[in-house]
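Here's a quick tour of some side-chain packing. Have the model open while you read.

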Amino acid sequence: MTKTAKASSQKIKAIAGLVLLGGTVTLSACSTAAEEVPANTQSPQSSTSDSSNDSANNTQTSAYQDGSYTASGNYRTPGGIEQISVTVDLSDGVITAVSVTGEPQAPESVQYQGQFSSGISDAVVGQSIDELSVDRVAGSSLTSGGFNEAITEIKEQAQG
Amino acid sequence: MARLEFEAIGTSWVIRSANELPQALRREVFELIIEFDQLWSRFRADSMVSALARASGAASASASLTPSAAKDAAAMLSCYLELSKATGGRISPLIGQSLSALGYDRDFAELSPSAELNMAAKPAITDWADSLTLTGTQLQQSAPALIDIGALGKGLLVDRVFELLAEVPGELLVDAGADQRFRELPARIALEHPLDITKAVGVVLSPASGAIAASATNRRRWGAGKYHHIIDGLSGAPVQEYLASWVGAESAMRADALATALFFPGGAELAEEWSRHEQIWWLRMTSSGSLEWSHSFAALTGAELFVDGWNND
């Protein structure tokens, strides 16, 4: 009866390759975003993963490198365990777009996830990623844990 | 800090404490939750409320409670009386059959939420105080109906778990997601956006001790989005005017109760009345996405709302 239920596990895929003066590039081996894009929601914005296209003149002023980052996590819905993929575009430490997509694993969840991915996206655009650091969330969804952990991973990844 | 996570009664719980809770105390917490469910869950055929529903069909029915269960019943029923009076009968504990009539007749985990449904709304028993009474440790139900304590039951349970841990030193948080009770733990808390749960509509700097409840119509939706679990007892149909509410109060039961009331006419007035005697703040979102908030929320230090015109400095 005692169950420590961890609501999410994560895997990270860095879609953006970055080149810094004197820095290193991290590219993930399985780089195609297509694996994670389901049919019913918008596809994440991504910059090219080919390092040769990125200008070597990029200078960074914030602790977080510009680019597009995706992290995924699992979360619990009434219908079962689903997968959520969060893609965040960073420019100068500021989130310029957030996209959340999911991979329904049970047919009942399709409608449910559709409600998350569409919706008012203005609330977060313009907030520095550090301002999402809260101690916890008051909300009635069952997915907050998955999202917060995905964002933590994105932060770690973006700090390179 | 120690963190205990578990799943119980369809909810993810987190208990944070300064030190790890001893094994015996953890067991008491789980037993408390299970016993509560065994009394009050309308999804269990063997629960007290199910037995009362069956027996009250033919004649008046009654159940014998333990002293502590009677104390819970008394607290809940008296709070329900206030909620009913304030909302003109829209909130009622005898509302279980109205939820079932719309299709929410089993544990939500067993529903197929995307299945299209066309159900006939069934009004609740709104004048329930004559039909559901507590005398000492006897709970009597004289009308055929099914009790559902969803308007404030989870909040009460969070309070009881919190009280069970009264002797545990230091900071403490009992977090059942939408219902939280805490002490010695000031915190920045994001208020989850009901339409996009990756976002927050605002942030509140919660005082070190108290409770917060969040309620939203997206939490339990079925019938391919047509129905949700916050229903108006007068019509038996889901409310349409509001999408979400957030409340800060001194106990989780009262926060939960007010969070429900705010979906109905009379809810804001009730909040006003309660705030004469205790610290209360609240917000709610209308169905068009706009936010309404209490004066007390505006006066909170460190409160932020991500809306035009709110000064977040």
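## A histidine and its partners

The side chain of His228(B) gets to the backbone oxygen of Val239(B) at 2.8 Å, and to the backbone nitrogen of Ile230(B) at 3.2 Å. Polar contacts here are N or O pairs within 3.5 Å; within protein, one atom must be able to donate a hydrogen and the other to accept it, and sequence-adjacent residues count only if both atoms are side-chain atoms.

His228(B) sits in strand 12 (residues 227-228) of chain B, strands being DSSP E runs of at least two residues and helices H or I runs of at least four, numbered from the N terminus. His228(B) is buried at 2% relative accessible area (buried is under 20%, with a 1.4 Å probe and protein chains only).

This is a predicted model: local features need pLDDT of at least 70 and side-chain atom pairs 80 or more, while totals for chains, interfaces and linings use all residues. Residues count from 1 along each chain as written, chains are lettered from A and ligands numbered from 1 in written order, and side-chain values use heavy atoms, without hydrogens or water.

## Aromatic pairs

Over all chains there are 6 aromatic pairs (Phe, Tyr or six-membered Trp ring centres within 6.5 Å; planes under 30 degrees apart are stacked, over 60 edge-to-face, the rest tilted). Phe6(B) belongs to strand 1 and Phe30(B) to helix 1 of chain B, so the pair ties together parts 24 residues apart in sequence. Both are buried.

Definitions and conventions: Buried < 20%, exposed > 50% of the residue type's maximum accessible area, 1.4 Å probe, protein only.
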